[in-house]
Amino acid sequence: MPFKLIDLPFAADALEPAISAETFSYHHGKHHQAYIDKTNAAIEGTELADKSLEEVIAAARGSNQGLFNNAAQSWNHGFFWHSLAPDSGAPSDELAAMIDKAFGSRDGLAKQLADRGAGHFASGWVWLAEKGGSLSIEETHDGDTLADSGFNPLLVIDLWEHAYYLDHQNKRPAYLDAVIGKLDWGFASDNLARGSVWTYPA
Ligand code: MN
């Protein structure tokens, strides 16, 4: 079964002005679509054609960099759309307690996410992740992912210029400040409660 471009879980203009509908028209409609199309083209007729996206990522890591990049970027963007919401809600009691323990407060977490995202060199992703019952901020470069990493990713922010250039030009910190206010704490809480890595919808 070929992988599909999943719908945005909100209207394309619902996150303005943090992220505009125009940005989503390219970022979701063109960039994410291209990663999906290239993944499907690379696995067509191979033994990976009937595997899950998570299985394709794990199989390609270290052995097929082109497929890995496209499969991981397909997964990362699906996870990113779900990491965002017009109404960011609130973390579960369990997640809130873990945030306080690791970062002092929600504001402390927000500041560290903004600092790590702004300091990340070139393209990549900044994540809130859980492992062994504690939270940490992780960074991956280019198309790399936490999907098969041993971490349980809770949230992610895209740091590629295509994520913010139309709305914020070169000002990545302004994008981070805006987008951190649109993180979906319900999604993060669901990921923590499940205790296993989110799966890309079939
Ligand atoms: Mn992107």
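**Notes on the predicted model**

1. In helix H8, which covers residues 185-194, the buried residues are Trp-185, Phe-187, Ala-188, Ser-189, Asn-191 and Leu-192. The model is a predicted one, and the remarks below should be read with that in mind.

2. At its start, a side-chain oxygen of Asp-184 comes to within 2.9 Å of the backbone nitrogen of Gly-186, while after the helix comes Gly-195, with a positive phi near 75°.

3. The protein chain is divided into domain 1, residues 21-82, and domain 2, residues 93-194. To the contact between them domain 1 gives 18 residues and domain 2 gives 23 residues. The centres of the two domains, taken over C-alpha atoms, are 20 Å apart.

4. How much area do domain 1 and domain 2 bury between them? The figure is about 1700 Å², of which 63% lies on carbon and sulfur atoms. On the side of domain 1, the residues that lose the most area to domain 2 are Thr-23, Phe-79 and Phe-80, which together account for 34% of what that side buries.

5. Polar and charged pairs also link the two domains. The count of salt bridges between domain 1 and domain 2 is 2, and the side chains of Arg-61 and Asp-148 meet in a salt bridge at 2.7 Å, N to O. Across the interface of the two domains, 12 residue pairs are in polar contact, with both residues at pLDDT 80 or more. On the side of domain 1 that touches domain 2, H1, helix H2 (53-60) and helix H3 (65-83) each supply at least two residues, and the largest share, 9 residues, comes from H3. By class, that side of domain 1 has 9 nonpolar, 7 polar and 2 charged residues.

6. His-32 is found in helix H1, residues 21-43. Is His-32 buried or exposed? With a relative accessible area of 0%, His-32 counts as buried, because the cut-off for that class is under 20%. The side chain of His-32 makes a polar contact of 2.9 Å with the side chain of Trp-81. Beyond its neighbours within four places in sequence, the contacts of His-32 include Leu-5, Ile-6, Gln-73, Ser-74, His-77 and Tyr-200.

7. Ser-74, found in helix H3, is likewise buried, with a relative accessible area of 1%. Not counting residues up to four places away in sequence, Ser-74 touches His-32, Tyr-35, Ile-36, Thr-39, Leu-53 and Tyr-200. Ser-74 and Ala-202 lie 128 residues apart in sequence, yet their C-alpha atoms are 12 Å apart in space.

8. Some backbone details deserve a separate check by eye. The peptide bond from Glu-16 to Pro-17 is cis, with omega near 5°, and Pro-17 belongs to the segment before H1. Asp-142, in the loop between strand S2 (134-141) and S3, has a positive phi near 55° although this residue is not a glycine, and Asp-142 is partly exposed at a relative accessible area of 45%. Gln-169, placed in the loop between helix H6 (165-168) and helix H7 (172-180), has a positive phi of about 50° and is not a glycine either; Gln-169 is partly exposed, with a relative accessible area of 34%.

Methods:
Residues numbered from 1 in each chain as written. Predicted model: local features only at pLDDT ≥ 70, side-chain atom pairs only at ≥ 80, totals over all residues. Heavy atoms only, no water. Helix = DSSP H or I, 4+ residues; strand = E, 2+ residues; numbered from the N terminus. Buried < 20%, exposed > 50% of the residue type's maximum accessible area, 1.4 Å probe, protein only. Polar contact = N/O pair within 3.5 Å; in protein donor to acceptor, adjacent residues only side chain to side chain. Contact = heavy atoms within 4.5 Å. Domains from an automatic or database assignment. Buried area = accessible area lost by both parts, 1.4 Å probe. Salt bridge = Lys/Arg side-chain N within 4 Å of Asp/Glu carboxyl O. Nonpolar A, V, L, I, M, F, W, Y, C, P; charged D, E, K, R; others polar.
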